[in-house]
Amino acid sequence: MSHLLVIGSVAFDTVETPYGKREFVLGGSANFFSMSSSFFAPVRMVAVVGEDFPQEHLERLAQRGVDLEGLQRTTGKTFHWTGVYYGEDMNQAHTLDTQLNVFEHFTPQLPESYRETKTVLLANIDPELQLKVLEQIKSPRLVACDTMNFWISGKRMALMKVLEHVDLFLLNEKELKDLSGQRSLLSGVHWLRERGPQIIVVKRGEYGAMLFYRDMIFSAPAFPLEDVRDPTGAGDTFAGGLLGYLADVEEINELHLRRAMIAGSVMASFVVEQFSCDRLISLTPDEIQQRFLAFQKLVHFDASHELPLR
Ligand code: AMP
């Protein structure tokens, strides 16, 4: 079975949504990603936490097959992000505060056993750290990258350098517009393709996600849910399903990319049901399979007959 490698944040989040407020709950891009992708493939994690991070959660990750040899624990506080979702708009998180804490002086050092990993996610974190990790990997088959506005505006040059080495780039609609300066989604995708990544996934919150690969465009809906309690981590959890699925396929092709998009959408549809990564903790493989089938019903239609036009 092929491994996945992730570099990203492991964090405490303070989050407010119309459903309430939670303080210092488990979060971070690498955390959500690993919790999700570990249902599909063994994961190797590169990150740093402070002395205050609960050992219990690290043990939980380890039990799920997440290799923590590349996770450092140092003196100081764990990364802390504070965000809010205003009113009923759950598609856009507004960052109130970002405390990088132990990430400020973090130098990722990949264990020897990590260097041959074939599928890599440079999850949302300082692009300079993403580059340092990339430099230490021998010959990856698929390099994916995620980011957010904080880095698009704060470290744009470094991010553009990362993108030169990226095959698959995940970002949301607003980030695409901010980064490319283009008005439409499609022109933003073309702009990106000229700068490196050839597979682009645009996340659109409650409207689902779109994938652009060669001349194919595939649109996956978001699963209709009565209550979206906390969208934090939906993007990373989506990436976990997408890359977890792709880690083991023989060839990255249209068929597998479509299925991977649904795997990502399935995983994201769970995490938003509860705050933090609570839903990923209780999730079972059986529930994932059931929702995968429910997705098929949601998107399937028969185009074998032409429309009865007059
Ligand atoms: P998502 O909702 O999937 O975009 O990701 C949410 C996660 O990203 C939260 O759990 C945060 O801890 C983490 N996060 C927020 N801001 C940053 C940042 N600037 N760098 C790295 N991770 C971040």
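Where is Arg 214 found? Select Arg 214 and look: this residue sits in the loop that joins strand 13 (209-213) to strand 14 (216-220). Keep in mind as you explore that this is a predicted model.

**Stop 1**

Arg 214 is exposed, with a relative accessible area of 63%.

Now select Ser 276, in the loop between helix 9 (254-271) and helix 10 (278-282). Its phi is near 55°, again a positive value in a residue other than glycine. Is Ser 276 buried or exposed? With a relative accessible area of 4%, Ser 276 counts as buried, because buried means under 20%.

**Stop 2: a strand with neighbours**

Next, select residues 4-7, which form strand 1. In a regular strand, side chains alternate between the two faces of the sheet. In strand 1, Leu 4 and Val 6 are on one side, Leu 5 and Ile 7 are on the other, and all of them are buried.

Which strands pair with strand 1? One is strand 4 (residues 43-49), parallel to strand 1 and joined over four bridges.

**Stop 3: rings beside rings**

The model has six aromatic pairs. Begin with Phe 150 and Trp 151: their ring centres are 4.7 Å apart and their planes lie at 85°, so the pair is edge-to-face. Phe 150 is partly exposed, with a relative accessible area of 36%, whereas Trp 151 is buried at 6%.

Then select Phe 223 and Phe 295. Their ring centres are 5.3 Å apart and their planes are at 40°, so this pair is tilted. The two residues come from distant parts of the chain, 72 residues apart: Phe 223 is in the loop between strand 14 and helix 8 (234-246), and Phe 295 is in helix 11 (residues 285-299). Phe 295 is buried, with a relative accessible area of 0%.

For a group of three, select Phe 12, Phe 24 and Phe 53, which ring pairs link into a cluster.

**Stop 4: arginines over rings**

Finally, show Arg 195 with Trp 191. Arg 195 lies over the face of Trp 191, 3.9 Å from the ring centre. Then show Arg 291, which lies over the face of Phe 270 at 4.0 Å from the ring centre.

Methods. Residues numbered from 1 in each chain as written. Predicted model: local features only at pLDDT ≥ 70, side-chain atom pairs only at ≥ 80, totals over all residues. Heavy atoms only, no water. Buried < 20%, exposed > 50% of the residue type's maximum accessible area, 1.4 Å probe, protein only. Pairing = 2+ DSSP bridges. Phe/Tyr/Trp six-rings, centres within 6.5 Å; stacked < 30°, edge-to-face > 60°. Lys NZ or Arg CZ within 6 Å of the ring centre and 35° of its normal.
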